[in-house]
Amino acid sequence: MTKAISVAGLHKSFGRTHALDGLDLTVETGEVHGFLGPNGAGKSTTIRVLLGLLRPDSGAAAVLGRDPWQHAVELHRRIAYVPGDVTLWRNLSGGEVIDLFGRLRGGGLDKARRAELIERFELDPTKKGRTYSKGNRQKVALVAAFASDVDLLVLDEPTSGLDPLMEEVFQSCVTEARERGRTVLLSSHLLSEVETLCDRVSIVRRGRTVESGSLAELRHLTRTSVTAELASPPNGLAHLPGVHDLTVTGQRVRLQVDTDKLDAVLRSLTGSGVRSLTSTPPTLEELFLRHYADDQHADDQHADDQHADEEVRS
Amino acid sequence: MTLTGTGTLARLALRRDRVMIPLWALVTGGLVASGAGSLEGLYGTAAERAEIAASMTANSSMRSLYGPVFGDSLGGLVAWRFGTFAAVLAAVASVMVVIRHTRDEEETGRQEMLSAGAVGRRAPLTAALLAALALDTAVALIVTAGLAGQGAAGALALGLAVGGTGMVFATLAAVTAQLTESARLARGLAAAVLGLAFVLRAAGDAGTASGDSVLTWLSPIGWAENVRAFAGERWWVLLLILAAVLVQTAVAYALTARRDVGASFFATRPGPAEGRLATAGALAWRLQRGALLGWSLGFLLGGLVFGGMVEGAADIVGDNEQARQIFERMGGRSGLTNAFLATMVSLFGMIAALFAVASVLRAHGEETSGRAEPLLANALGRIRWAAGHLVIAFGGSALILALAGLGLALSYGHDLGPVLGAALAQLPAVWTLAGLAVLLWGAVPKAATAAWGAAGLCLALGWIGPALDLPQAALDLSPFGHLPKLPGQDMAWGPVLALTALAAALVAAGLAGLRRRDVQG
């Protein structure tokens with residue numbers, strides 16, 4: 001399989017803010033790739049680099065095998081993009097914007113598919129930009145993206161503002177896109193959405209990739225919680241590597257264990273005779289919270305810097 | 001309480017405008033206050049002042065720019081030369097401040113957030129008007145303090161006239177902000193009234209030397225002039241200004257009480273379900289055609305109005321010997337006619353530069369608002385995208401100048417070719433300023449709005465520069481100063497071609513910068 005996106009050692013600074021600090025990202029052709037990270041981690045900056053809107057300070061980026069800065073226009077014929085915060089022209093109707101995007105990408109849109117998507121997303125295409133709610137503005141961009149015949153969909157928090165029914169429509173559209181062989185880069189905060197849709201995920205924090213792999217692989221790196229009722233008091237559990245938060249009440253045991261050390265813990269438990277056992281795999285929330293919470297303070301700082309920058313600009 | 005929270009909102013407005021308001025007040029007030037020194041250097045003796053007063057009042061193109069000279073004291077000359085300009089500056093700043101804190105806030109949705117707090121229905125409008133009042137009071141104070149040496153009564157009258165004109169337009173903007181959902185349109189409507197007020201005053205003063213033409217009295221700027229500071233002040237005219245402020249304030253409050261937050265009196269109609277827009281150029285046209293239509297109408301009407309005054313411009317003012325001598329010195333009938341046309345054409349040129357800069361910066365606005373990003377994520381190169389807006393900026397300025405020239409020539413009734421040519425000869429200077437805007441936007445996007453400063457500076461240099469006793473090097477900064485004075489003078493191709501080449505180079509450099517830099521957003 002060829003790589004749809006390959007990024008290595010990407011750096012980008014805005015003044016004193018280091019938005020990207022050696023970020024790596026690999027997206028295989030035909031997969032739905034989740035792109036996760038706390039606010040201000042550098043997700044949108046990465047996406048703008050991938051679209052050739054920003055020029056990286058250093059590092060290599062290739063999209064569909066080409067340099068996005070050099071070949072932005074040719075690449076964009078094969079890419080559809082949905083920004084997280086869609087701003088529309090106040091005096092253009094949604095339908096006009098959808099068609100404009102289709103024509104600017106080249107070739108226009110498949111009429112039947114456009115009509116079907118408008119129907120599914122329950123969008124009124126005759127309303128003007130200023131009268132749409134946030135979710136409806138988002139739908140305009142989503143219809144324009146899904147109606148186009150492209151190889152790569154770049155979606156930056158595309159479902160912010162969508163109601164749960166529309167969220168379901170969105171998920172089925174992504175699934176269909178994958179079935180048709182499209183590649184999808186999906187930046188998202190909705191963990192259930194990521195869990196349902198994504199083949200692989202990359203987690204970024206402060207401009208750097210901290211984890212990358214399939215969900216199963218990532219789960220492997222975290223802790224499983226185990227509750228067991230034993231025939232006799234446990235023996236030597238506390239000394240096993242990878243065991244955390246151990247509480248023993250008589251013959252009842254609760255503990256957290258690094259998932260790759262689970263085997264040794266189970267052996268030790270069966271040595272004491274297991275009467276009942278519940279083992280809960282780590283939820284995605286736990287997975288992310290571990291990465292998100294680590295540097296909460298640092299991220300707050302980061303967000304403040306960005307805010308200050310925005311104020312200077314406006 | 002419909003006014004709850006006004007104090008907090010007013011502080012917010014002043015905090016957000018902590019640079020803009022003091023800067024405008026200092027520039028506007030300081031310009032007038034420093035005028036006495038400059039004019040004293042130029043016209044030191046009473047005889048010199050009487051001479052300039054007589055010749056300026058006799059010259060209708062001068063009257064149309066500055067109004068008649070009512071008093072030949074130093075203070076009187078300052079009021080004549082700087083009063084109108086300062087009043088227009090205060091009006092522009094006041095419109096900006098009021099729209100910024102009313103319709104702009106509603107359009108962006110910030111007002112909704114604020115109004116969800118303990119904020120009365122009338123508080124946002126009141127806070128905006130208070131911010132404008134702070135600006136105009138500062139202007140009035142600086143003018144009064146700066147000219148107090150020339151006579152306290154005259155200084156106070158001029159200060160109140162300038163600041164009062166600012167408040168007339170602040171309250172006008174308060175009304176237009178209620179009428180439309182778009183801040184851009186609200187600003188445009190207020191600016192159109194300001195333009196109309198200027199044209200009315202200029203037309204009235206071009207026709208009569210007494211300042212008492214009906215047209216002049218229809219214009220708030222004419223009122224400011226007719227306060228006659230330093231020339232037997234007519235204090236009652238200030239009551240007219242106050243009445244206008246009060247009436248417009250009442251109308252604005254009445255309108256604001258009858259509508260929803262974010263809404264206007266014109267409901268939004270649905271648009272087509274399928275669009276025909278296919279190119280960046282078509283989109284740029286769609287976004288800018290309304291503004292271009294407004295400017296075209298304004299320039300055509302302005303041309304028609306001023307063209308009708310060309311004949312009168314050459315009539316002798318008064319029948320005394322001194323006026324006749326001045327008349328001869330100015331080149332007699334054809335000299336005066338040409339001088340009037342050249343002045344008008346140059347004025348249209350400098351104002352057309354404002355259109356060109358606004359049109360170029362529209363692309364900058366598309367970028368900073370985030371709307372350019374999804375466009376550029378399509379198969380659309382940056383240059384092609386920019387070109388859509390630049391064609392309108394450069395072609396549109398040619399169109400509106402041609403319309404102004406056409407209007408002038410049609411209602412004058414002679415010399416269609418020369419007058420049209422004279423109007424179009426302003427283009428190289430207009431394009432140079434537009435090119436500067438392209439360069440700033442392309443190379444240093446954070447400083448793009450400095451192009452407004454450049455256009456404003458050129459307008460100031462052309463309007464009041466000669467009276468400021470500035471060195472020639474400073475006057476030469478404006479590209480308009482290098483153009484031949486058409487009609488009347490011979491066409492000078494050298495500077496015209498040089499400026500055109502400079503404009504082309506600026507555009508090329510700006511586009512090269514645009515290609516290399518990050519897209520803002």
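Visitor: How many salt bridges are there between chain B and chain A?

Guide: Side chains of opposite charge can pair when their charged atoms come close. The rule asks for a side-chain nitrogen of Lys or Arg within 4 Å of a carboxyl oxygen of Asp or Glu. Between chain B and chain A the count is 7 salt bridges. One pair joins A:Lys111 to B:Glu274, with the closest N and O atoms 2.9 Å apart. Over all chains, the structure holds 32.

Visitor: What should I know before reading further?

Guide: This is a predicted model: local features need pLDDT of at least 70, side-chain atom pairs count only at pLDDT 80 or more, and totals for chains, interfaces and linings use all residues. Residues are numbered from 1 along each chain as its sequence is written, chains are lettered from A and ligands numbered from 1 in the order in which they are written, and side-chain values use heavy atoms, with hydrogens and water left out.

Visitor: Which parts does the salt bridge of A:Glu28 and A:Lys3 tie together?

Guide: Look at the pair itself. The closest N and O atoms of A:Glu28 and A:Lys3 are 3.3 Å apart. A:Glu28 lies in strand β2 (residues 17-28) of chain A and A:Lys3 in strand β1 (residues 3-14), so the pair ties together parts 25 residues apart in sequence. Helices (H or I, at least four residues) and strands (E, at least two) are DSSP runs, numbered from the N terminus.

Visitor: How many residues of chain B are in contact with chain A, and what area do the chains bury?

Guide: The size of an interface is often given as the accessible area lost when the parts come together. Here a 1.4 Å probe is used, and the loss is summed over both parts. Chain B and chain A bury about 3500 Å², 54% of it on carbon and sulfur atoms. Contact means heavy atoms within 4.5 Å. By that rule, 40 residues of chain B meet 38 residues of chain A. B:Glu373, B:Asn378 and B:Ala379 supply 17% of the area that chain B buries against chain A, more than any other three residues.

Visitor: How many residue pairs are in polar contact across the interface of chain B and chain A?

Guide: A polar contact is a pair of N or O atoms within 3.5 Å; within protein, one must be able to donate a hydrogen and the other to accept it, and residues adjacent in sequence count only if both atoms are side-chain atoms. The rule finds 27 residue pairs, both residues at pLDDT 80 or more. On chain B, α14 (280-307), α18 (372-376) and α24 (493-516) each supply at least two residues of the side that touches chain A.

Visitor: What is the secondary structure of chain B?

Guide: Chain B comes to 24 helices and 0 strands. An automatic or database assignment sets domain bounds. Chain B has domain 1 (1-264) and domain 2 (278-521). Their centres, taken over C-alpha atoms, are 24 Å apart.

Visitor: What do the two domains of chain B bury between them?

Guide: Domain 1 and domain 2 of chain B bury about 2400 Å², 72% of it on carbon and sulfur atoms. The count between these domains is 0 salt bridges. The polar rule finds 2 residue pairs there.

Visitor: Where is the cis peptide bond in chain B?

Guide: Check omega. A cis peptide bond joins B:Leu486 and B:Pro487, with omega about -10°. B:Pro487 sits in the loop between α23 (472-475) and α24 of chain B.
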